[in-house]
Amino acid sequence: MRCRAIAAITALAALAPMPGAVASGTADVQVADATLHLRFDPAAFRGGAGPILEWARRSADIVARYYGRFPTRDVTIRLVAQPGTGVQGGKTFANPAALIRVQLGAEVTPEQLRADWVLVHEMTHLALPDIGPSHAWLSEGLATYVEGVARVQAGNRSEADVWAEEMRSMPRGLPEPGDQGLDHTHTWGRTYWGGAMFCLLADVEIRQRTQLRYGLQQALRAILGASGGLASDWPIERVLRTGDAAVGTHTLEELYARMKDEPVAPELMALWRELGVLAAGSSVRLTDDAPLAPVRHAIMRAP
């Protein structure tokens, strides 16, 4: 989430791998009913405009598939060239208009753009109302959790890779001594992976309670539909109540009541075994001979 004045883009239409209206410093990319206004200087990047425009389109399509539509009608994406390679970070804003600012290495490769998670993560932020800094664990945790699931559903990432990352990283979200619950413990681990842990627990429980008919994905689609996303200011209670109503459970509200003020530490390894996710060196082995394997399939399968 960042910004800077950008030099004019010349001859961008000839470089683009897709149709796009081009103005000074801006390339417009259409994804479903949304328009992405990219602002960057293609001469600042070794690969030029083509791979960058394709990366933006692909990332927006992944998010649109997960939510049933892209969260906003228009979003400006400012790309700030940095020394080095890779996608180096981003930040998202919604007022007065949707804006994503991304730091992008000047030497970024098409392979790195195809494997990138940052832009999907930032676009996901647009789908949740602004719930305030005390609840950053939910906005960041959702973006962390949804990024992996959405990319699997779109065929951009393997399921085993997502579960392996969770097995490596999600324990960082467990409470440490002195923890006072998600609403009061604002460490990096609790904010990102503690929030993602909340989402995993909620997704599994909703699937179980509804006999696989619904999951967190349907709850999040309903929240976006009712709120309009990040441009709205909603209390977290309204967000969770709206999601619960859509799936016919009280899972989100009950889980929040348990975890907001107390250091809840679920048995993650036991949960992953029940889902059929087994450690295998630095990766995982997925098995259908597990009691919650149908839940795992439901989570990773596109509606």
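Tutor: Start with the largest cavity: its lining is L128, L138, L142, F198, C199, L216, L220, I223, V239, L240 and L252. This is a predicted model, where local features need pLDDT of at least 70, side-chain atom pairs count only at pLDDT 80 or more, and totals for chains, interfaces and linings use all residues. Residues are numbered from 1 along each chain as its sequence is written, and side-chain values use heavy atoms, with hydrogens and water left out.

Student: What makes a space a cavity, and what makes a residue part of the lining?

Tutor: The search uses a 1 Å grid over the protein atoms alone. A cavity is a set of points where a 1.4 Å probe fits but cannot get out. Lining residues have an atom within 4 Å of a point. The whole structure has five cavities of 30 Å³ or more.

Student: What is the volume of the largest cavity?

Tutor: About 50 Å³. A volume is the space filled by probe spheres set on the points, with grid points joined across faces, edges and corners.

Student: Which elements supply the lining of the largest cavity?

Tutor: α5, α7, α8 and α9 (236–247) each give at least two residues. α8 gives the most, with three. Helices (H or I, at least four residues) and strands (E, at least two) are DSSP runs, numbered from the N terminus.

Student: How are the lining residues of the largest cavity divided by class?

Tutor: Eleven are nonpolar, with no polar and no charged residues. Ala, Val, Leu, Ile, Met, Phe, Trp, Tyr, Cys and Pro count as nonpolar; Asp, Glu, Lys and Arg as charged; the others, Gly among them, as polar.

Student: What makes an open space a pocket?

Tutor: A pocket is an open set with protein on both sides within 12 Å along at least five of seven lines. The largest pocket holds about 330 Å³ of space. Its lining has 17 residues, and T92, H125, D130, S139 and L230 lie nearest the centre. β5 (87–93) and α5 (136–153) are the elements that give two or more residues to that lining. By class, the largest pocket is lined by nine nonpolar, five polar and three charged residues.

Student: Which residues are closest to the centre of the second largest pocket?

Tutor: W117, H121, E140, T144 and Y192, out of 14 lining residues. The second largest pocket has about 260 Å³ of space.

Student: Why is α2 called roughly perpendicular to α8?

Tutor: The axes of α2 (residues 50–67) and α8 (residues 216–227) cross at roughly 100° and come within 9 Å. Axes are lines fitted to C-alpha atoms, for helices over the stretch in contact, and angles run from 0 to 180 degrees between N-to-C directions. Angles of 65 to 115 degrees count as roughly perpendicular. So α2 is roughly perpendicular to α8.

Student: Which residues of α2 and α8 meet?

Tutor: R65, Y66 and Y67 in α2 meet L216, Q217, L220, R221 and L224 in α8. Contact means heavy atoms within 4.5 Å.

Student: How do you know that β2 and β3 pair?

Tutor: Two strands pair if DSSP finds at least two bridges between them. Five bridges join β2 (residues 26–31) to β3 (residues 34–39), and the strands run antiparallel. V29 stands opposite L36 in β3.

Student: What is the peptide bond from N95 to P96, cis or trans?

Tutor: Cis, with omega near 5°. P96 is in the loop between β5 and β6 (99–105).

Key. Parallel < 35°, antiparallel > 145°, perpendicular 65-115°, else oblique.
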